[in-house]
Protein chains: 2
Amino acid sequence: MQWYKIFTPEIKELIEKKELKELSVFLRNLHPADTVDILRELEPADKVMAFRLLSKDKTAAIFSMFEIEEQEELLKHFAEHRVGEILSEMTPDDRTELLEELPASVVKQLLKLLPPQEREIANVLLNYPPSSAGRIMTPEYVDLKEDMAVSEALDHIRRTAPDKETIYTCYVIDKTRKLIGVASLKDIILAQPQQKTEEIMKEMVHYVKTTDDQEVVANMFQKYDLLSLPVVDSENRLVGIITVDDVLDVVQEEATEDFLKMGAVQLTEEEYLRTGFFRLAGKRIVWLVVLLILNFFTASVLQSYAALMSSLIALAFFIPMLTGAGGNTGSQAATLIIRSLATGNLSLRHWWRVLGREILMGVALGSILSLVAGGRVFFSVHDIGIAVVVGVSIIAVIVTGNLAGALLPLFFRLIKLDPAVVSAPLITSIVDVAGLFIYFEITRRLLHI
Amino acid sequence: MQWYKIFTPEIKELIEKKELKELSVFLRNLHPADTVDILRELEPADKVMAFRLLSKDKTAAIFSMFEIEEQEELLKHFAEHRVGEILSEMTPDDRTELLEELPASVVKQLLKLLPPQEREIANVLLNYPPSSAGRIMTPEYVDLKEDMAVSEALDHIRRTAPDKETIYTCYVIDKTRKLIGVASLKDIILAQPQQKTEEIMKEMVHYVKTTDDQEVVANMFQKYDLLSLPVVDSENRLVGIITVDDVLDVVQEEATEDFLKMGAVQLTEEEYLRTGFFRLAGKRIVWLVVLLILNFFTASVLQSYAALMSSLIALAFFIPMLTGAGGNTGSQAATLIIRSLATGNLSLRHWWRVLGREILMGVALGSILSLVAGGRVFFSVHDIGIAVVVGVSIIAVIVTGNLAGALLPLFFRLIKLDPAVVSAPLITSIVDVAGLFIYFEITRRLLHI
């Protein structure tokens with residue numbers, strides 16, 4: 001329930017009357033995420049003023065909950081010492097998320113505002129590859145030693161809790177900081193105080209390397225129902241953890257990214273209404289022009305078969321139906337394969353199963369559609385020849401479209417490109433060209449024109 | 001890291017030699033999710049045998065991790081008393097997930113195998129609407145009273161922990177079971193033992209109603225970074241909680257569902273390679289036939305303009321390019337709007353902003369594409385008339401396609417249908433028909449034929 005909405009009228013009034021002090025009393029009792037919603041309603045200048053009224057410990061948390069673009073905008077309005085304060089109070093993973101979007105020169109300036117220790121942490125995290133586990137992890141985890149008594153472990157947790165991202169899963173490390181076990185707070189509070197940590201820890205720890213992709217991370221969380229996942233360096237030393245709240249964001253982001261790509265929209269993480277018109281137009285026009293140029297080939301194919309079409313104009317009637325059916329089947333195959341690759345349920349080594357399956361599937365789907373379409377053609381032009389040509393062509397076009405849709409994403413994965421680039425419009429455009437060619441060649445051979 | 005993979009050769013050998021006892025020793029040390037991967041490699045009969053060798057407390061957890069279809073299959077092979085045992089050991093939310101997929105007659109029989117109390121719980125959960133918060137919640141939460149001392153609360157947590165889905169967030173209820181606060185285990189272990197629960201609890205609790213949709217639940221988790229979310233009935237009494245691990249599944253499921261719909265594949269939750277050929281063909285053919293029938297109209301439009309086309313065959317060359325560009329733009333708009341609706345960043349009341357924005361966007365994108373396409377047309381047929389006709393038509397078709405893509409999902413939401421049904425192939429098919437009509441009408445008027 002969005003509690004704060006009950007107060008919306010009062011809040012709007014406080015804003016209009018610029019009674020920011022009173023406003024801050026409201027804000028103090030709200031969840032940071034709700035505070036963000038309210039701050040968004042303020043003019044930039046008021047927003048900065050309101051920020052000044054927030055309780056100090058909440059400022060960084062609230063700042064972190066804005067979209068990255070909004071954070072950039074806010075930073076421009078803050079005084080330098082305030083920027084430094086907020087950046088050093090932010091959790092290292094939230095800070096990385098912001099810094100990786102900023103130009104290098106700005107990052108350099110901002111890093112100077114951090115205390116040396118925080119600067120060191122920020123630099124290390126920024127050096128991991130984009131979208132890797134290292135980029136989304138935080139070094140703020142609870143570590144325990146194997147020979148600690150449970151009571152000692154609990155004291156250690158209590159003492160360090162305020163600075164930690166989570167205390168519900170603690171990681172046990174040896175003297176060289178190698179990860180050797182995991183103990184949940186549940187195990188710890190259910191154990192006897194004098195037991196040793198090594199007695200209650202689990203030795204089978206699921207972990208990722210700093211360089212693993214965030215999609216791998218998301219799939220691990222889902223498979224093992226984790227609350228957090230440790231991240232180790234190349235020598236198996238524990239360097240950070242990833243928490244489930246960040247993974248939820250990753251899953252949504254990756255899903256949004258793949259979804260938009262399916263519709264041939266260049267990746268945009270921002271929200272629709274908060275993305276500028278020209279920015280969004282820019283993200284759309286690139287693919288549209290690429291696809292248009294691909295579509296030029298349809299005009300060339302048609303032009304080269306102009307004589308054939310002129311001699312039998314009825315042929316032209318069924319072109320959109322034919323290429324449409326092929327494009328639709330190909331889009332289906334592409335979505336199935338792309339999603340299975342993304343959720344980790346399909347990998348490249350299954351390519352031959354996909355191939356066999358989708359040839360059969362194309363024949364099966366094509367045969368059914370061929371009967372429906374052939375019937376429609378005969379009914380409208382009363383020419384059995386054209387009906388047979390369209391019927392046969394539709395099977396051929398559907399088998400081709402289906403295979404293109406299924407294999408192209410696998411091919412993209414093979415050459416290390418993102419399979420999700422194979423959008424429905426891309427498949428449709430490819431099938432349009434191939435389909436026309438198939439149609440006219442089948443016509444020529446079957447009708448001997 | 002998938003530890004068990006190191007042992008794969010040994011495990012395969014044990015399976016071949018049917019040394020299931022030794023196998024069970026392996027399995028005992030594995031995470032349930034890894035055990036599931038190994039059991040999948042066994043023949044059905046061996047699988048049932050292996051299940052018998054699992055430690056009792058793990059059986060239900062492992063069983064729950066199979067896909068629903070696999071669980072159904074397994075149940076058929078188990079003895080009746082074993083089925084009863086597993087079902088009553090399953091967490092209520094996992095059990096609901098299985099039961100809701102089974103035919104009513106089977107559910108009735110299975111419920112008889114449960115002890116009365118569990119049967120009661122199962123019945124209550126099954127009565128909530130599909131995909132609602134009630135369906136995915138579990139009643140196994142920790143509840144505290146406001147006047148409990150923190151030490152008492154901690155004792156209560158320790159005593160009841162084994163039966164609870166999570167102990168990291170505890171909910172404070174009054175005498176009528178109304179939800180009045182929330183206390184995290186972190187707050188509890190950091191507090192003084194003699195403090196009262198009401199002193200440390202937060203009164204602003206985020207919660208959902210049993211009837212709220214799971215998409216609302218997922219968006220709440222993401223906004224507020226929750227580990228669990230309480231579910232209340234119509235009288236605000238606490239009836240269950242939803243935990244983040246289940247939400248991660250919900251987010252993936254909803255994303256998969258929307259993604260597949262975008263490619264015109266009927267919702268299928270199962271994994272690609274584990275879905276039967278005919279089942280998958282069935283899920284694909286329905287939409288393909290619907291779209292094919294929609295495409296019939298393109299043939300009708302073309303037929304009615306046959307004379308125009310015959311007199312100027314060059315007109316036909318540019319049909320796929322023209323309708324393609326419109327379909328692509330429409331697909332882009334539809335994906336943007338559908339995803340924004342799903343992630344809660346856009347709601348119906350924004351329709352007029354979408355309308356204004358997408359008209360302008362259509363004109364902008366259409367103008368650019370019109371120049372590119374018009375140039376291409378002039379270059380290939382050297383006819384300024386046709387080039388102008390195609391150029392003007394492309395703007396009109398793109399504006400139409402873009403608006404259809406943007407507004408149809410909103411219209412579907414308005415009439416309480418799922419906006420994600422507006423797939424790229426559906427938009428393409430609609431734009432094909434409309435585009436042809438627009439093209440020929442513009443031709444007739446501009447060229448006076």
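This is a predicted model: local features need pLDDT of at least 70, side-chain atom pairs count only at pLDDT 80 or more; totals for chains, interfaces and linings use all residues.
User: What makes the relation between chain A and chain B that of a two-fold axis?

Analyst: Chain A can be superposed on chain B with an RMSD of 0.1 Å by a turn of 180 degrees, with a shift of 0.0 Å along the axis. That is the relation of a two-fold axis.

User: How do you know that the copies meet through the same surface?

Analyst: Of the interface residues of chain A, 100% are also interface residues in chain B, so the two copies meet through the same surface. The contact involves 97 residues of chain A and 97 residues of chain B. On the side of chain A, the largest share, 16 residues, comes from helix 20 (residues 319-342). By class, that side has 57 nonpolar, 26 polar and 14 charged residues.

User: Why is A:Ala264 called buried?

Analyst: A residue is buried if 20 or more other C-beta atoms lie within 10 Å of its own. A:Ala264 has 26 and is therefore buried. A:Ala264 lies in the loop between helix 16 (244-262) and helix 17 (277-304) of chain A, and its phi is positive, near 60 degrees, in a residue other than glycine.

Definitions and conventions:
Residues are numbered from 1 along each chain as its sequence is written. Chains are lettered from A and ligands numbered from 1 in the order in which they are written. Two residues are in contact if their C-beta atoms, placed from the backbone, lie within 7 Å. Helices (H or I, at least four residues) and strands (E, at least two) are DSSP runs, numbered from the N terminus. Ala, Val, Leu, Ile, Met, Phe, Trp, Tyr, Cys and Pro count as nonpolar, Asp, Glu, Lys and Arg as charged, and the others, Gly among them, as polar. A residue is buried if 20 or more other C-beta atoms lie within 10 Å of its own, exposed if 12 or fewer, and partly exposed in between; C-beta atoms are placed from the backbone. Copies are superposed by least squares on the C-alpha atoms of residues with pLDDT of at least 70 in both.
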